[in-house]
Amino acid sequence: MRIAKEGWAFVAVGWAIFVVLLAVGPWWAGLLWLPIALWQTAFFRDPQRQGPRGDELILAPADGKVVGVIPMDEPVFLHGPATRVSIFMNVFDVHVNRYPTSGTVAYRLYSRGKFGHAAPEKASTVNEQCSLGLETPRGKLLVRQIAGSIARRIVTDHQPGTAVHQAERMGLIRYGSRVDLFVPAAAEVLIQAGELARAGQTVVARWK
């Protein structure tokens, strides 16, 4: 299993505690800790993703459940009508985020905020977050990483001016969070609230 680089220390500590508990504590203490060590390892998994590719496709930037598909105005980067696709990642989902299309990072803004539950509507405006705008061959996209109630670390890999590729790693959010994808209103959204998405694999929209 491939592990995200941000998780190496956490995984090592989890298994070190397991070994120590087996060595010096009662045997059942190690067994009680084992699920935590296994979960910590699984949380930071970074699987290779294969799937549909192409400039006309817009892929999911995150694993998880789609909690909203909402038409709205996006004034920060798209500067016009858009559709926001919100994907909530629980603590069992893969938390590595991926680029929905190829293009160039043209905008990046990190905003401090609260660490409330990431699923509700208000999380998009009040929670700590990082917004990344992409200039693509077909138009502009905005991806917003949003911290959750136990997420205390947003990782965004690239700075403005970086050329990025579809399904390439964009970053990671540690422990339960949400990613919003803003696509222009002219794009055809192909996913609905309640469906599950996989980063770099699920087609969520298509350029017209």
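## A walk through the predicted fold

Let's start with an open sheet of 3 strands, paired antiparallel in the order β1-β14-β12. Because β1 and β12 are the edge strands, each with a single partner, one side of each is left without a neighbour in the sheet. The model is a predicted one, in which local features need pLDDT of at least 70 and side-chain atom pairs count only at pLDDT 80 or more, while totals for chains, interfaces and linings use all residues. Residues are numbered from 1 along each chain as its sequence is written, and side-chain values use heavy atoms, with hydrogens and water left out.

A word on the names: helices (H or I, at least four residues) and strands (E, at least two) are DSSP runs, numbered from the N terminus. Two strands count as paired if DSSP finds at least two bridges between them. In general, strands of a sheet pair through backbone hydrogen bonds, either parallel or antiparallel.

Now look at the two pairings in turn. Strand β1 (residues 57–59) runs antiparallel to β14 (residues 203–206), and 3 bridges join them. Along this pairing, I58 faces A205 in β14, and L59 stands opposite V203 in β14. Strand β12 (residues 188–189) pairs with β14, again in the antiparallel sense, over 2 bridges. Here E188 stands opposite R206 in β14.

Stepping back to the whole chain, the secondary structure comes to 3 helices and 14 strands. Of the 208 residues, 50% count as buried, where buried means under 20% relative accessible area, exposed means over 50%, and partly exposed lies in between (1.4 Å probe, protein chains only). Among contacts (heavy atoms within 4.5 Å) between residues at least 6 apart in sequence, 72% join residues at least 24 apart. The chain exposes about 9,700 Å², and carbon and sulfur atoms supply 61% of that area. These areas come from the Shrake-Rupley method with a 1.4 Å probe; for residues, only the protein chains shown count as cover.

Q166 counts as buried because its relative accessible area is 13%. Its side chain reaches the backbone nitrogen of G54 at 2.9 Å, a polar contact (a pair of N or O atoms within 3.5 Å; within protein, one must be able to donate a hydrogen and the other to accept it, and residues adjacent in sequence count only if both atoms are side-chain atoms). Leaving aside residues up to four places away in sequence, Q166 touches R53, G54, L57, L59, Y99, P100, T101 and S102. L59, one of those residues touched by Q166, is also the residue that stands opposite V203 in β14.

Next come the charged pairs. Side chains of opposite charge can pair when their charged atoms come close. How many salt bridges does a search of the whole structure find? The search finds 8, taking a salt bridge as a side-chain nitrogen of Lys or Arg within 4 Å of a carboxyl oxygen of Asp or Glu. One of them joins the side chains of R49 and D63, at 2.8 Å from N to O. R49 lies in the loop between α2 and β1, and D63 in the loop between β1 and β2 (64–74), so the pair ties together parts that are 14 residues apart in sequence. R49 is buried, at 9% relative accessible area, and D63 is buried as well, at 6%.

R178 and D180 form another salt bridge, their closest N and O atoms being 2.8 Å apart, and R178 and D180 are both buried. K5 and E6 meet through their side chains at 3.6 Å, N to O. K5 and E6 also belong to a network of salt bridges that links them with D157 and R169.

Finally, the surface. W27, W28, L31 and L32 make a nonpolar patch of about 510 Å². Such patches are made of residues with over 30% relative accessible area and no salt bridge, with like charges joined within 9 Å and nonpolar side chains (Val, Leu, Ile, Met, Phe, Trp, Tyr) within 5 Å. L31 sits in helix α2 (residues 27–43) and, at 44% relative accessibility, counts as partly exposed.

P71 is found in strand β2 and counts as exposed, with a relative accessibility of 67%. P71 and A82 are 11 residues apart along the chain, and their C-alpha atoms are separated by 5.8 Å. Not counting residues up to four places away in sequence, P71 touches A82 and T83.
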